[in-house]
Amino acid sequence: MMAHFNPVTPELVADLKRVLSDKQVKTDEEYLTAYQTDEEGNSYYFHKPEVVVFPETTEQVADVVKLANQYLVPLTPRAAGSGVACGAIPVYHGIVVELERMNKVLTFDADNMYAVCQTGVRTSDLQEMARQHHLLYAGDPSSAESCQIGGNVANNAGGNKAVKYGTTRNQLYSLKVVTPTGEIVTAGARLQKSSTGLCLEQLFAGSEGTLGIITEVTVKLRPLPPYRFNVVCVFKSDEEAFALPNKILKAGIDPTSIEFMDNEALVMTTKFLSMPMPHVDEGADYVIVTVETFSQDDADRKMEQLCDLAEANGAVDVLDADERIWKLRKQFAEAARDVDKMFQTEDFVVPLDQIAAMTAQIPELREKYDLYCVTVAHIGDGNIHVLPLNAKGLSPEAWFEKIKAFHADLFPRVYALGGKMSGEHGIGYKKLEEFAKCTPAAELHVIKAIKKALDPNNIMNPGKLVDMTGDFVAD
Ligand SMILES: Cc1cc2nc3c(=O)[nH]c(=O)nc-3n(C[C@H](O)[C@H](O)[C@H](O)COP(=O)(O)OP(=O)(O)OC[C@H]3O[C@@H](n4cnc5c(N)ncnc54)[C@H](O)[C@@H]3O)c2cc1C
């Protein structure tokens, strides 16, 4: 790497201990090794930090950021490290800012339906707190048991309720952010509308820690629908399965989620969980639809409507499913990891009417690059996760090269159909190069201009999303 950052010195470590405390600053090898990666399993991407800090307040985060500027040392914000784009890997070493100790819900106002959370609140804890008050926090990545609200905002996480409620950015009222130069900014407000200046909270959401460190998040809560059903529509043909979401949405059924698992994903996950499911051994795909409503009559009517629609569109069976179906869907990544710890997660997103056109190209790509792939999809959002597995046991570097060639072929096809390379996981370090190649020059220029204006020393998560160092130059 060519970037000219300074190494972490004993003087900087002493200054960090002065603004934090001894216990909040770690240089021991066990910490440096633990923070060399996030969810990434391919050692080719690993980079160790030189120091890991554990701030407990917004002011402490600001002090750390000011020191990083003073010493010209890069910073990598980190929440739970469940990201799959290498976003929390400190590719230029320096300081990892681990936010897990900022884990308190500061305000929970059930009457006015909002909560103010420190960045490190675990997503499932907020979901559970809302449930206890008969409310819903609608952000719902499959990793909710481990990931944090701040990490979800930074990546604009999607997940399983995005069809109805949108992604994490749609759950936000406001954010408290420490900018790359150490100022503390409140972006947004607890308002139903605002036409007052730039929408900064939405700029920070999805910026992957490159524009600042989020320290507080004020989220919307919603009424919790008391009636819910899950239906599994069983298909023998991918094309018929992929045509269903648009029809469900057009029929006004208003589903909370529409998920897809192909047969290979079903075989892998049912085996991992030792949980046999109907029609899996007959080569079937599943489209899983969840509907939540406020009356039993509405639920019954929608269930009937959905069954009719699925059958009319080629489903060979429609099953009234219980929560086991969500165990199957949510454990899919663990099942993949059990087969191959270096598995790659593609995350492209296409318009709903282009899902079939895009996925029809996958068999050709699989053959061309000699890849074994399984597919799941947030199909109601057009967001497809194709997972190439390193079934042939290639070395980390050879696997990296194979995926690079695969991406160079895959992403132009996605963009040609009006899609983008990431629906929810972000660009991180992993797709930096492809992002620069696929993004029009004028758009890239705007992104870089914003980054440069906010982060003149390029210390905030450098090497992610856009390259500002000149290490990588797109053609
Ligand atoms: C089993 C599994 C299932 C998953 N399912 C989904 C899913 O359904 N939908 C989905 O969208 N994702 C999913 N993911 C990916 C991942 O969980 C999400 O991207 C999640 O939002 C990351 O949160 P985190 O707390 O782990 O953040 P991290 O991985 O620690 O960080 C993610 C990024 O955000 C930055 N960051 C973290 N905290 C802050 C902060 N406070 N301020 C500024 N920047 C920050 C980091 O630098 C990094 O770039 C899944 C991952 C796994 C392992």
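E323 counts as partly exposed, at 44% relative accessibility; here buried means under 20% relative accessible area, exposed over 50%, and partly exposed in between, with a 1.4 Å probe and protein chains only. The structure is a predicted model, in which local features need pLDDT of at least 70, side-chain atom pairs count only at pLDDT 80 or more, and totals for chains, interfaces and linings use all residues. Residues are numbered from 1 along each chain as its sequence is written, and side-chain values use heavy atoms, with hydrogens and water left out.

Side chains of opposite charge can pair when their charged atoms come close. The side chain of E323 meets that of R228 in a salt bridge, at 3.0 Å from N to O; the term stands for a side-chain nitrogen of Lys or Arg within 4 Å of a carboxyl oxygen of Asp or Glu. E323 sits in the loop between strand 15 (317–321) and helix 11 (324–330), and R228 in strand 12 (residues 227–235), so this pair ties together parts that are 95 residues apart in sequence. Helices (H or I, at least four residues) and strands (E, at least two) are DSSP runs, numbered from the N terminus. R228 is also partly exposed, at 35% relative accessibility.

A salt bridge also joins E259 and R329, with the closest N and O atoms 2.8 Å apart. This pair links distant parts of the chain, as E259 is in strand 13 (residues 257–261) and R329 in helix 11, 70 residues apart. Both E259 and R329 are buried.

D370 forms a salt bridge with K392, and their closest N and O atoms are 2.7 Å apart. D370 is in the loop between helix 14 (362–368) and strand 17 (372–378), while K392 is in the loop between strand 18 (383–389) and helix 15 (396–416), 22 residues apart. D370 is partly exposed at 45% relative accessibility, and K392 is exposed with a relative accessible area of 57%. Elsewhere, E364, K368, D409 and R413 are linked in a network of salt bridges. The structure holds 27 salt bridges.

Next comes the protein as a whole. It has 17 helices and 18 strands. Of its 475 residues, 56% count as buried. A compact globule with 475 residues would have a radius of gyration near 23 Å, and the protein has 22 Å, which agrees; the radius is taken over C-alpha atoms, and the globule rule is 2.2 Å times the number of residues to the power 0.38. Along its principal axes the C-alpha trace spans about 70 × 55 × 45 Å.

Another aspartate, D338, is in helix 12 (residues 332–339) and counts as exposed at 56% relative accessibility. D338 and D125 are 213 residues apart in sequence and 26 Å apart in space, C-alpha to C-alpha.

Two loop residues remain. H134 has a phi near 60 degrees, a positive value in a residue other than glycine. H134 is in the loop between helix 4 (123–132) and strand 7 (135–136), and is exposed at 62% relative accessibility. S274 has a positive phi near 50 degrees. S274 is in the loop between helix 9 (263–273) and strand 14 (285–293), and is exposed with a relative accessible area of 63%.
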